[in-house]
Amino acid sequence: MGRGRAKAKQVKVARQLKYNSGGTDLDRLRDELGVGDSSNDDADDLNDELADRYADYADDYAGGDDDDRSGRR
């Protein structure tokens, strides 16, 4: 018989979490995750380096016919 109250409480808490989650402190979350503003510079440098490396591959393979519309049958 006591299950009804417990279930109602769980439903109430679940609804609060689902619909009232707008109070997130993003600065606190950023601090907890250890994300800083200066770390993006390193990621940008790495992405530029990878883009340069794979651009060479794109130049090497750009002349190939990737699709079968080369006119040969």
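Some housekeeping before the structure. Residues are numbered from 1 along each chain as its sequence is written, and side-chain values use heavy atoms, with hydrogens and water left out. Since this is a prediction, local features need pLDDT of at least 70 and side-chain atom pairs count only at pLDDT 80 or more, while totals for chains, interfaces and linings use all residues.

The protein has 3 helices and 0 strands, in the order α-α-α along the sequence. Helices here are DSSP runs of H or I of at least four residues, strands are E runs of at least two, and both are numbered from the N terminus.

Of the 73 residues, 0% count as buried. Buried means under 20% relative accessible area, exposed over 50%, and partly exposed in between, with a 1.4 Å probe and protein chains only. The protein exposes about 7,500 Å², and 47% of that comes from carbon and sulfur atoms; the areas are Shrake-Rupley values.

Helix α1 covers residues 3-19. From first to last C-alpha α1 reaches 24 Å, close to the 24 Å expected at 1.5 Å a residue, where the expected span is 1.5 Å times one less than the number of residues. The number of buried residues among the 17 of α1 is 0, so this helix lies largely in the open.

Now the charges. How many salt bridges does a search of the whole structure find? It finds 3, a salt bridge being a side-chain nitrogen of Lys or Arg within 4 Å of a carboxyl oxygen of Asp or Glu.

Helix α2, residues 26-33, holds Arg30 and Asp27, 3 residues or about one helical turn apart. Their closest N and O atoms are 2.9 Å apart. Arg30 is partly exposed at 36%, and Asp27 is partly exposed at 48%. Also in α2, Arg28 and Glu32 are 4 residues apart and pair at 3.3 Å; both are exposed.

In helix α3, Arg53 and Glu49 are 4 residues apart, with a closest N to O distance of 3.5 Å. Arg53 is partly exposed at 42% relative accessibility, as is Glu49 at 45%.

Last, the patch. Asp44, Asp45, Asp48, Asp52, Asp56, Asp59 and Asp60 form a negative surface patch. Patch residues have over 30% relative accessible area and no salt bridge, and like charges are joined within 9 Å, with the place of an Asp charge taken as CG. Asp52 sits in α3, residues 39-61, and counts as exposed because its relative accessibility is 53%.

Conventions. Patches are made of residues with over 30% relative accessible area and no salt bridge: like charges are joined within 9 Å, nonpolar side chains (Val, Leu, Ile, Met, Phe, Trp, Tyr) within 5 Å. Accessible areas come from the Shrake-Rupley method with a 1.4 Å probe; for residues, only the protein chains shown count as cover. Lys and Arg count as positive and Asp and Glu as negative; His and the chain ends are not counted.
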